[in-house]
Amino acid sequence: AQAWCSQLSILVLVSGNASGAAEARMVLLLLETPAGYALFTLKNKKLLKADADSIYDQFKDASDAARQVDLTAFHKFKDTKAALEACTELTEGSVGKSLKKFLKKNILDAGIGDSLAVLDKTLGGSINQKLGIEISVLSENLKEVMRGIRMHLSTLIEGLDESELKAMSLGLSHSLSRFKLKFSPDKVDVMIMQAVGLLDDLDKELNNFAMRLREWYGWHFPEMGKIVTENLAYAKVVKHMGLKVKAKDTDFSIVNVPADIAAEVQAAAETSMGTEITTEDLANIHTLAERVIELTEYRASLSEYLKLRMNAIAPNLTYMVGELVGARLISQAGSLMNLAKHPSSTVQILGAEKALFRALKSKKPTPKYGLIYHASLVGQSAPALKGKISRVLAAKLSLCCRVDALGDQVEPSLGKEYKEYVEKRLATLEEGGMRGMTKGISKQKAGKFEKKAERGNAASYNTDADAVAEPVKKKKRKTTEGEAEEEPKKKTRKASADDEVVEEAPKKKKKKKASVEEDEE
């Protein structure tokens, strides 16, 4: 911001007399500095036609700069608040009251208002609308002249010290930064990113310390590792009991251990196969147990802090996916505003960037979900529906993030509505899946329609009522008695030839059977 304030916005005014002669033309330069507005007159008009690279040589020293330009008017800001208002108006491209009054007094009232060259097009348009001054294009030569004026600004403006100008620039930069950021302790998402990062680190360290404690104390009392499974309870028992010999006289209710587990520990201590340790070894084990207990308690307090901070900054996001998943999404995106800018498709796979690019490179299916896989709405869905629910959840999460980032809501009203919608959508998809699974069971089988014959009426079978049409049987011609006798004769001849072939095969079988019976005898 300080570097931005040192870069001065400059306006150039070119005016002439009524006849429009080029000899009488005059160039005015307006600079907005952290100290105030300054209006300069260009003495050396040859700089407008000179080479742009050679203009820098004319502003090497303060005396050279004084020969090129001259201060016409200067308006100093009263305080930092006035400078901040002017800077904000210039950033937005609008003409404020102080700038309008300054230009009107020193340009319009002086009869100079033919042409004005402005560095910022938006600001130039605003000046043209409000003051009626004609705006022209800024040349490269004038830009180099402005650069030379900036180098010797403190010497060209009388009564302005270099240290004072730096202090004004620093104060204005701080004020402008606060205004741009709209600082609020409840809206700082950097704390969330640091807290969730520390929470993940604590989980890793706690796991390492707890495993080291079990391994270390396991040489002395290995049986207790299977009896007391929770890490915090194990550390408390080690710290409270000490050596396994003291298990009989130890009251485990002080460390909130159930009576049945305490009885198992006391019984296992009597028949333990562990080695004996010294008091120095036990002291180091106690220190490690205390560290595990402290880190576990600090993790619980940090988790509560993260929950409160997430409810204050992003209530709708927290209600949808929980404070832990929401904080990880914000940390992955960089800030809540960046997360609000992401489309729902990016929110869906946020955290699975490596898998996405690996899939694109190998031309395989892309991942369906990233960090939102750990949300309860995705976890409780069936494996076949996780992709669909992730897409629906990501669409609603993107809307919730935009409301949290840009709105002033404290209650998660939108989050409640969208979570109810996602739950209904999940129920609908699950019902649709069950219908698809039972689709073939409930459907009746397509078969032939059989009409039951009524009593007393011997009704014949109606083939026209069948669902599937059967081929029509060809009717046999009625033959005479002579033809009927000839056909059986022909058939009998064929049949006799076939019988002879068939009779040969059984004979061979009989011979084989006979040979088998002889062998058995």
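Trainee: Which residues does Met241 touch, not counting residues up to four places away in sequence?

Mentor: First, a word on the source: this is a predicted model, in which local features need pLDDT of at least 70, side-chain atom pairs count only at pLDDT 80 or more, and totals for chains, interfaces and linings use all residues. Residues are numbered from 1 along each chain as its sequence is written, and side-chain values use heavy atoms, with hydrogens and water left out. Contact means heavy atoms within 4.5 Å. On that basis Met241 touches Tyr217, Phe221, Met224, Lys246, Ala247, Thr250, Phe252 and Val265, leaving aside residues up to four places away in sequence.

Trainee: Which members of the largest nonpolar core touch the most other members?

Mentor: In soluble globular proteins, nonpolar side chains tend to be buried together. A nonpolar core is a set of buried Ala, Val, Leu, Ile, Met, Phe, Trp, Tyr and Cys residues joined through side-chain atoms within 4.5 Å. Buried means under 20% relative accessible area, exposed over 50%, and partly exposed in between (1.4 Å probe, protein chains only). Here the largest core has 70 residues, and Met224, Met241, Leu317, Leu329, Leu339 and Leu397 touch the most other members. Its largest share, eleven residues, is supplied by helix 13 (residues 279-313). Another core, of 22 residues, lies apart from it and includes Tyr37, Ala73, Val95 and Ile107.

Trainee: Which residues of helix 11 are buried?

Mentor: Helices (H or I, at least four residues) and strands (E, at least two) are DSSP runs, numbered from the N terminus. In helix 11 (residues 231-241), the buried residues are Ala233, Tyr234, Ala235, Val237, Val238 and Met241. They pack against helix 9, helix 10 (224-227), helix 12 (259-270) and helix 13. Just after helix 11, Gly242 has a positive phi of about 80°.

Trainee: At what angle do helix 9 and helix 15 pack?

Mentor: Two packed helices are described by the angle between their axes and the distance between the axes. Axes are lines fitted to C-alpha atoms, for helices over the stretch in contact, and angles run from 0 to 180 degrees between N-to-C directions. Helix 9 (residues 190-218) and helix 15 (residues 323-333) pack at about 115°, with axes 9 Å apart. Angles under 35 degrees count as roughly parallel, over 145 as roughly antiparallel, 65 to 115 as roughly perpendicular and the rest as oblique. Helix 9 and helix 15 are therefore roughly perpendicular. In their contact, Ile192, Met193, Val196, Leu199 and Asp200 of helix 9 meet Leu324, Ala327, Arg328, Ile330 and Ser331 of helix 15.

Trainee: How do the axes of helix 9 and helix 13 cross, and what is the relation between these helices?

Mentor: Their axes come within 9 Å and cross at roughly 155°, so helix 9 and helix 13 are roughly antiparallel.

Trainee: Where is Asn256, and is this residue buried or exposed?

Mentor: Asn256 is placed in the loop between helix 11 and helix 12. Its relative accessible area is 66%, so Asn256 is exposed. Phi of Asn256 is positive, near 60°, in a residue other than glycine. Lys363, in the loop between helix 18 (353-362) and helix 19 (376-379), also is not a glycine and has a positive phi of about 55°. Lys363 is exposed, with a relative accessible area of 78%.
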